[in-house]
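Please consult the sequence and structure shown below while reading.

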Amino acid sequence: MEKEISYLIDEFINLSDELRPGYALSIEKSSESLLVLPDSLKLLYSKVSGTYYEIENQQMMDFLPGYLLIRDDEYDNFMKLIKEMVPEGEDEYYPFLVNYSSDFYALKVSKGNECGVFLIEHDGDEPTKIHDSFEDFLRTIIACYQEKIYFLDDDGYLDMDFDEEQLIGQKYNPGIDYWFED
């Protein structure tokens, strides 16, 4: 699992940097992270530091269209926000992507086991499962880069074809209702 996730993270960074030269530098690892995270996110943050929420060059903001990778030294603040949005129980949610509306992609952990990636929306009722695993999340977004579903708009910002993203989501996540909703 660890080797696969490491490979997929590297593949994502390379594809993203090909589309937006300089992106890899913008999320580059700056110091050793002291965050206490599930294994998949620990591996991610061992390679990158993420993007500052108030990044100056907005063309380098997106990890995927509309969402930035939470910067390691800003992580605790977003973790507090998630805990306010989703009351603690036996499940914990570890955010890793955020948009400017305070919607999150988060890795769910239950009883010490990773249980998939969930979308947590600021105005939603409850977290929505979108991937069975962190690997499925990475495979899906890598396919979106490879198939040119993620592209640069006329102003140089990362954008996507929503309909085509849904088809890729269905292909890589066949058991997840989210990708089959209208």
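## The largest cavity

In this predicted model, α4 (75-85) and β2 (91-98) each contribute at least two residues to the lining of the largest cavity. The complete lining consists of Met79, Ile82, Lys83, Val86, Pro87, Glu88, Asp91, Glu92 and Tyr93. By class, five of these residues are nonpolar and four are charged, with no polar residue present.

The volume of the largest cavity is about 70 Å³. The structure holds one cavity of 30 Å³ or more.

## The largest pocket

Which residues line the largest pocket? They are Leu64, Pro65, Tyr67, Tyr105, Leu119, Met160, Phe162, Glu165, Gln166, Tyr178 and Trp179. Helix α6 (residues 162-172) provides the largest share of this lining, namely three residues.

The volume of the largest pocket is about 230 Å³. Its lining divides into nine nonpolar residues, one polar residue and one charged residue.

## Overall architecture

The chain comprises six helices and seven strands. Read from the N terminus, the order of elements is α-α-α-β-α-β-β-β-β-α-β-β-α. The radius of gyration is 15 Å, close to the 16 Å that the globule rule gives for 182 residues, so the chain is as compact as a globular protein of that length. Along the principal axes, the C-alpha atoms fill a box of roughly 45 × 40 × 35 Å.

Of the 182 residues, 50% count as buried. Among contacts with a separation of 6 or more, 51% are accounted for by residues 24 or more positions apart. The accessible surface of the chain is about 9,600 Å², and carbon and sulfur atoms hold 45% of that surface.

Leucine 8 is located in helix α1 (residues 2-19). Is leucine 8 buried or exposed? With a relative accessible area of 6%, under the 20% cut-off, leucine 8 is buried. Once neighbours within four places in sequence are set aside, leucine 8 is in contact with Glu135, Leu138, Arg139 and Ile142. Glutamate 135 is 127 residues from leucine 8 in sequence, yet the C-alpha atoms of the two residues are 7.4 Å apart in space.

Threonine 51 belongs to the loop between α3 (39-47) and β1 (68-69). Its relative accessible area is 1%, so threonine 51 is buried. Residues up to four places away in sequence not being counted, threonine 51 touches Tyr23, Ile27, Met60, Met61, Leu68, Leu69, Ile70, Arg71 and Glu74.

## Positive phi angles in loops

Serine 102 is not a glycine, yet its phi is positive, at about 65°. This residue is placed in the loop between β2 and β3 (104-110). With a relative accessibility of 23%, serine 102 counts as partly exposed.

Lysine 148 also has a positive phi, of about 60°, although it is not a glycine. Its position is in the loop between α5 (134-146) and β6 (150-152). Lysine 148 is exposed, because its relative accessible area of 64% is over the 50% cut-off.

Methods
Residues numbered from 1 in each chain as written. Predicted model: local features only at pLDDT ≥ 70, side-chain atom pairs only at ≥ 80, totals over all residues. Heavy atoms only, no water. 1 Å grid on protein atoms, 1.4 Å probe; cavity = no way out; pocket = protein on both sides within 12 Å on 5 of 7 lines; lining within 4 Å. Points joined across faces, edges and corners; volume = space filled by probe spheres on them. Helix = DSSP H or I, 4+ residues; strand = E, 2+ residues; numbered from the N terminus. Nonpolar A, V, L, I, M, F, W, Y, C, P; charged D, E, K, R; others polar. Rg over C-alpha atoms; globule rule 2.2 N^0.38 Å. Buried < 20%, exposed > 50% of the residue type's maximum accessible area, 1.4 Å probe, protein only. Contact = heavy atoms within 4.5 Å. Areas by Shrake-Rupley, 256 points an atom, 1.4 Å probe, with all protein chains shown as cover.
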